[in-house]
Amino acid sequence: MPQPPAPPAADPAFAPPTLGRRFGALVIDWVLCLLVSNFFADPVRDGWAPVAVLIVEYGFFLGLFAQTPGMYVTRIRCLSWADGGRIGLARALLRGLLLALVIPALIMDEHRRGLHDRLTGSVIAAAPRG
């Protein structure tokens with residue numbers, strides 16, 4: 001029986017995806033948030049609306065599926081740093097809220113984990129297609 005992959009924290013060969021893939025996923029997710037927020041607010045006048053949708057989107061999709069729609073397209077996923085599993089709804093919502101603050105995402109370590117990742121115990125990893 002094959003061994004499950006080592007969690008990112010215990011894998012010395014862990015290589016994070018490029019910043020381009022992460023940024024591409026964020027752009028796709030942001031466009032979706034703008035479109036969704038159009039249903040209940042004017043995203044130009046009510047700047048909070050797409051940000052609120054982004055936080056909810058991250059909480060729902062990362063918490064349940066480990067990927068937002070943008071992450072799916074760019075073939076990346078958000079995993080627990082310690083065990084390689086899903087981060088769950090609460091940590092995903094917190095991660096989305098911290099990401100909305102922007103600054104935590106700009107402070108990265110050698111594994112490209114932003115402050116929002118370190119505070120929520122998460123990491124962005126490549127997502128295999130199968």
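Start your tour by selecting Cys78: with 0% relative accessibility, this residue counts as buried (buried means under 20% relative accessible area, exposed over 50%, partly exposed in between, using a 1.4 Å probe and protein chains only). Before you click on, know that this is a predicted model, where local features need pLDDT of at least 70, side-chain atom pairs count only at pLDDT 80 or more, and totals for chains, interfaces and linings use all residues. Residues are numbered from 1 along each chain as its sequence is written, and side-chain values use heavy atoms, leaving out hydrogens and water.

Stay on Cys78 and look for its closest cysteine sulfur. You'll land on Cys33, 15 Å away, which is too far for a bond. Cys33 counts as buried too, at 1% relative accessibility.

Next, select residues 17-120. An unreviewed UniProt entry lists this stretch as "domain: RDD"; UniProt positions follow the numbering used here, feature names are shortened, and annotations may be inferred rather than shown by experiment. Its end C-alpha atoms sit 19 Å apart, and the span is 63% helix and 5% strand. Helices (H or I, at least four residues) and strands (E, at least two) are DSSP runs, numbered from the N terminus.

Now pick Arg22, in helix H1 (residues 19-37). Is Arg22 buried or exposed? Buried, at 13% relative accessibility. Skipping neighbours within four places in sequence, Arg22 is in contact (heavy atoms within 4.5 Å) with Ile76, Arg95, Met108, Arg112, His116, Asp117 and Ile124.

Definitions and conventions: Disulfide = S-S within 2.5 Å.
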